[in-house]
Amino acid sequence: RKSPCAAGGRMRGRGHALPLVVSLVALFASASRVKLVVDTDIGQNCDDAWALSYVMSRGDVFDLRLVLSSSRNTTGRALLAAKLLALGGRPDVPVGIGTPTPLGEQMQGVGPEWPWIGSFTLKDYPGKVASDGLAALEAELAAASPSNPVWVLGLAPMGNLAAVLGSRPELALNARLVAMSGSISAGYDLRPPAVPEYNVAENVTAAQTVYGMTWGTPAVTAPIDTSAFFQVTGDAYRRFLEAAGGGGGRQEEPPLARVLLENYRVWFEHGGSSHGAMRPFSPANASSAMFDLQTAYMAACAAEGALFGWTNCTQHRYPALDSLPLRLVVDASGYTRVQPSAGAQAGEAQLFFAATNFSMPREAASDAMGAHVVDWIARGAWSLPAP
């Protein structure tokens, strides 16, 4: 059986098959979803908001247990995540405040999305807010097991993960990591050479700790070799605008797509327009570079494979993407280095599956992923009732 994540297998869309029924049959035949923690530095780039919105819409595969803010002004980032969860339809999800780091030059230590917070406060959030987000993360990992792991969607510099796993490395056996991380053979312009990727270079010591962990299964990465190209454009973006305007989605007010579009507009107007992307973008016609959204897409595909037995979605196989098994380490300069597959150095490097190439022309791959994620976001946030 093939996953609806497959190129051409959209959840919704004009002129396309509708494998949603198959997905739901598989869902209700399965008693479980994967438990998920999202570690995010939402605010600097808008791809975190897109990724979190997509996760919120994937109640078929994700039991979203915690959204943890990471890096710089983590209280401000928690505010952004909480507002997106509240307005987008998942105010039940716990929000954790991670370890802050020096604010740097980002607006209020958060980035261009900061003004979107407005008058919203953490007291306005209906769900639980954990002031000690690291304790919340540790509790989720400790309650899991190698046979029933917590999936960690890493969209940020790795300070939170390193702080918990550095003191309790055995907990990595209870986790599956899917991370936006690294540069294998290409930089942000998709040409050689590799560069220090932001999530690694922002906290090299933390990245070295996390990359050195022994995971229950090999970790997965969405390096900039592919994720720097992914944008939501064309028909998929027009579908997104329709949903944001009331042309799709569930009946909650406002729909998730509208909340996300408002967030994107604020980000764009307060500095996001200067961020790089391979193709022109604005809230009127396309998204910016969707590094983190590709990572969330890969996590959902892998979850479908684990839960439903889809043959084209596993931890190392994704529609539209080629994933290579590589032994990776992080050097002192923040480069993600590939180690030999044999010899003494290989024993020091953990095995990762890295999505280094597209399995079809990159424009087609980007379009396929964009169509898929928008079809889910247009449906709105949802989750199964607690058992």
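In this predicted model, eleven aromatic pairs are counted among the rings of Phe, Tyr and Trp, with ring centres within 6.5 Å taken as the criterion. One of these pairs is formed by Y264 and F268, whose ring centres are 6.5 Å apart. The planes of the two rings stand at 80°, so the pair is edge-to-face, since an angle over 60 degrees is counted in that class. Both residues belong to helix α10, which spans residues 256-269. Y264 and F268 are four residues apart there, about one turn of the helix.

The contacts of F62 link several parts of the chain. With neighbours within four places in sequence left aside, F62 is in contact with R33, V34, L36 and V55, and also with A299, A300 and A303. A299 is found in helix α11 and counts as buried, at 1% relative accessibility. Beyond residues up to four places away in sequence, A299 touches F62, W151, L153 and V178. A299 and L177 are separated by 122 residues in sequence, while their C-alpha atoms are 8.9 Å apart in space.

The strands form an open sheet of ten, in the order β4-β3-β2-β1-β5-β6-β7-β10-β8-β9 and with mixed pairing. At the edges are β4 (129-130) and β9 (336-339), each of which pairs on one side only. Helix α11 lies across β1 (34-40), β2 (62-69), β5 (150-155), β6, β7, β8 (321-330) and β10 (350-358). Relative to β5, helix α11 runs at about 165°.

Strands β6 (residues 175-179) and β7 (residues 219-221) pair in the parallel sense, over two bridges. In this pair of strands, A179 stands opposite T221 in β7. The pairing of β8 with β10 is antiparallel and extends over eight bridges; here L321 stands opposite F358 in β10. β8 also pairs with β9 in the antiparallel sense, over four bridges. The bridge partner of L328 in β9 is V338. β8 and β9 form a hairpin, with five residues between the two strands. In the turn of this hairpin, G334 has a positive phi of about 90°.

Helix α7 comprises residues 204-211, and its buried residues are V204, A206, A207, V210 and Y211. These residues cover an arc of only 160° around the axis, which places them on the same side of α7.

S71 is found in the loop between β2 and α3 (74-88). Its relative accessible area is 5%, so S71 is buried, the cut-off being under 20%. Without counting residues up to four places away in sequence, S71 touches D41, R77, T99, T101, P157 and E202. T233 is located in the loop between α8 (224-227) and α9 (234-247). With a relative accessible area of 16%, T233 is likewise buried. T233 touches R279, N285, A286 and D367, again without counting residues up to four places away in sequence.

Note on methods
Residues numbered from 1 in each chain as written. Predicted model: local features only at pLDDT ≥ 70, side-chain atom pairs only at ≥ 80, totals over all residues. Heavy atoms only, no water. Contact = heavy atoms within 4.5 Å. Pairing = 2+ DSSP bridges. Axes fitted to C-alpha atoms, helices over the stretch in contact; angles between N-to-C directions. Buried < 20%, exposed > 50% of the residue type's maximum accessible area, 1.4 Å probe, protein only. Arc of directions from axis to C-beta. Phe/Tyr/Trp six-rings, centres within 6.5 Å; stacked < 30°, edge-to-face > 60°.
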